[in-house]
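Biologist: I would like to learn how to read a protein model step by step. Could we take a few features in turn, with the general idea before the particular case?

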Amino acid sequence: MKLERILPFARQLLEKAVSPGDIVIDATLGNGHDTVFLADLVGPNGRLYGFDIQEEAVLNTKTRLADHELTDRVTLFHTGHEQILENVPPVHHGKITAAIFNLGYLPGGDKDIVTRPQTTISAIEQLLELMAPEGIILLVIYHGHIEGAVERDYLLRYVKQLDQSLVHVLQYQFINQKNNPPFIIAIERR
Ligand code: SAM
């Protein structure tokens, strides 16, 4: 298949947006796969700030980072991404080149603990103040579970009304696949 699948497409966008030495955010640590990918991209002189409300996710991510010898360039917060603004140091405000939200529940964890539209949107609003010009916020939306479908609807309504003189908003989605596969919304600050 020539069309890029969803997760590889997300990674391609991150690779485009991030250079060594950059400051980036993983807004939903989960099992730390995106954290490792991004921490590798920023290199030894960059910094990643990561957020998750579940201790299990923070611990899983810590272990994965240690396995890849990437711990030095990462700061993990066991708190919600709706606290981004107060946790990212002022010296890095306006300097974030990429942020990723992998929404939904922790794979292998408690499926009742899911991301929620109000806190996700609050985090995006805060991030819009923190992003560098041409910085990209990626939302990977899982809408196969009920709360995910609700979150999708809130997020689509929210991003569609964002001012096009401030941000470009892209939706990347296969629209003829069964079982509601995930799709991407990418927001690029102008
Ligand atoms: N990116 C992860 C990976 O590579 O394994 C997968 C993330 S998982 C789909 C979603 C995560 O979001 C869960 O670990 C959940 O605890 C977390 N989460 C839910 N609400 C949150 C919030 N308000 N702030 C930060 N993380 C949250």
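Biologist: In which sense do strand β1 and strand β2 pair, and over how many bridges?

Modeller: Please keep in mind throughout that this is a predicted model. The general idea is that strands of a sheet pair through backbone hydrogen bonds, either parallel or antiparallel. Here strand β1, which covers residues 23-26, runs beside strand β2, residues 47-51, in the parallel sense, and the two are joined over four bridges. To find the pairing in the picture, look for Ile25, which stands opposite Tyr49 in β2, and then for Asp26, which has Gly50 of β2 opposite.

Biologist: Which residues does Tyr154 contact, once its neighbours within four places in sequence are left aside?

Modeller: Tyr154 is then in contact with Pro117, Gln118 and Ile121. A related distance runs from Tyr154 to Thr120, whose C-alpha atoms are separated by 9.8 Å although the two residues are 34 residues apart along the chain.

Biologist: Why does Tyr154 count as partly exposed?

Modeller: Tyr154 counts as partly exposed because its relative accessibility is 36%, and that class lies between the limits of 20% and 50%. Tyr154 also belongs to a nonpolar patch on the surface, formed together with Ile146 and Val150, and the three have about 300 Å² of accessible area together.

Biologist: How many salt bridges does the count come to?

Modeller: The general idea is that side chains of opposite charge can pair when their charged atoms come close. In this model the count comes to three salt bridges. In one of them the side chains of Arg11 and Asp34 meet, with 3.5 Å from N to O. Arg11 lies in helix α1 (residues 6-17) and Asp34 in helix α2 (residues 33-42), so this pair ties together parts that are 23 residues apart in sequence. Arg11 is partly exposed, with a relative accessible area of 31%, whereas Asp34 is buried, at 13%.

Biologist: Which residues form the other salt bridges?

Modeller: The side chains of Arg73 and Asp72 meet in a salt bridge, again with 3.5 Å from N to O. Arg73 is buried, with a relative accessible area of 9%, whereas Asp72 is partly exposed, at 48%. Asp153 forms a salt bridge with Arg152, and the closest N and O atoms of that pair are 2.9 Å apart. Asp153 counts as partly exposed, with a relative accessibility of 34%.

Conventions: Residues are numbered from 1 along each chain as its sequence is written. This is a predicted model: local features need pLDDT of at least 70, side-chain atom pairs count only at pLDDT 80 or more; totals for chains, interfaces and linings use all residues. Side-chain values use heavy atoms; hydrogens and water are left out. Patches are made of residues with over 30% relative accessible area and no salt bridge: like charges are joined within 9 Å, nonpolar side chains (Val, Leu, Ile, Met, Phe, Trp, Tyr) within 5 Å. Accessible areas come from the Shrake-Rupley method with a 1.4 Å probe; for residues, only the protein chains shown count as cover. A salt bridge is a side-chain nitrogen of Lys or Arg within 4 Å of a carboxyl oxygen of Asp or Glu. Buried means under 20% relative accessible area, exposed over 50%, partly exposed in between (1.4 Å probe, protein chains only). Two strands pair if DSSP finds at least two bridges between them. Contact means heavy atoms within 4.5 Å.
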